[in-house]
Amino acid sequence: MQPIKLSQTIEDYLALLYVLERDGETIVGARLAELLGVTAPTVTNTLKRMARDGLITMHENGTHLTEHGWASAKDVMRRHMLMEWMMLKMLPWSKLHGEAHHLEHAISSEAETAVYEELGRPQTCPHGNPLPGCEDTVAGWIPLTELVSGEKVIIRRIHELAEENRPLLAFLDEKKMTPGTEATIGEILPFNQTVGVEVHGQIITLGFAVARYIYAEKPAS
């Protein structure tokens with residue numbers, strides 16, 4: 001029996017649930033509605049359909065992906081990230097995530113494998129997030145909010161949840177604060193929740209709400 005083709009909406013939900021559960025976050029309907037830009041009743045109805053189709057479980061202990069849901073979600077994430085790499089030389093870095101949403105639903109398994117091999121089997125997407133199964137690659141990278149003033153680092157990752165903020169990606173792209181960029185942690189002000197980051201001689205001030213989704217690596221001493 002051929003597997004049932006999932007709708008684009010279901011695949012979008014799967015990708016988000018994958019990120020949340022991978023990171024140990026509790027899956028809450030109101031949070032999903034906010035991230036997906038839909039109403040709470042819409043989320044409830046969609047989750048019920050996903051539970052019916054065996055993609056998730058919904059019990060008193062929370063909402064979780066099933067084994068089938070995990071496999072399907074990992075497939076969506078992998079296709080999305082490979083599409084980002086495929087377009088890297090043709091589109092601005094800040095637009096890769098949005099455009100990949102259109103392509104990830106259409107690529108075949110055969111084409112996906114070919115792209116993966118052609119790209120040299122990447123372990124992260126262009127934003128530094130790990131392809132499914134490559135989580136150890138990013139395990140040592142630290143959120144900017146957990147660093148110390150004066151530390152020299154290399155920007156490595158813009159978390160998937162921050163990728164959903166298109167104006168933020170455009171801002172980071174404009175300031176050249178993208179993976180691989182050397183930076184110095186500036187003044188950290190807990191009272192107003194900001195951290196300064198020096199990139200290419202320019203100080204960029206970020207709120208903690210954003211900075212916690214930007215990860216950096218300390219160079220080997």
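Close-up 1. The C-alpha atoms of Asp-12 and Glu-104 are 9.9 Å apart in space, while 92 residues separate the two in sequence. Asp-12 counts as partly exposed because its relative accessibility is 26%; buried means under 20% relative accessible area, exposed over 50%, and partly exposed in between (1.4 Å probe, protein chains only). This is a predicted model in which local features need pLDDT of at least 70 and side-chain atom pairs count only at pLDDT 80 or more, whereas totals for chains, interfaces and linings use all residues. Residues are numbered from 1 along each chain as its sequence is written, and side-chain values use heavy atoms, with hydrogens and water left out.

**Close-up 2. Crossing of helices H4 and H6.** The axes of H4 (residues 67–87) and H6 (residues 109–118) come within 10 Å and cross at roughly 55°. Axes are lines fitted to C-alpha atoms, for helices over the stretch in contact, and angles run from 0 to 180 degrees between N-to-C directions. H4 is therefore oblique to H6; angles under 35 degrees count as roughly parallel, over 145 as roughly antiparallel, 65 to 115 as roughly perpendicular and the rest as oblique. H4 contributes Asp-75, Arg-78, Arg-79, Leu-82, Met-83 and Met-86 to the contact, and H6 contributes Glu-112, Val-115 and Tyr-116.

Close-up 3. With a relative accessible area of 15%, Ser-94 is buried. Not counting residues up to four places away in sequence, Ser-94 touches Leu-169, Ala-170 and Asp-173.

**Close-up 4. Strand S8 and its pairing with S3 and S4.** S3 (residues 142–143) pairs with S8 (residues 214–217) in the antiparallel sense over two bridges; two strands pair if DSSP finds at least two bridges between them. S4 (residues 152–158) also pairs with S8 in the antiparallel sense, over four bridges. Ala-216 of S8 stands opposite Ile-142, and Ala-216 is also the bridge partner of Ile-155.

Terms used: Contact means heavy atoms within 4.5 Å.
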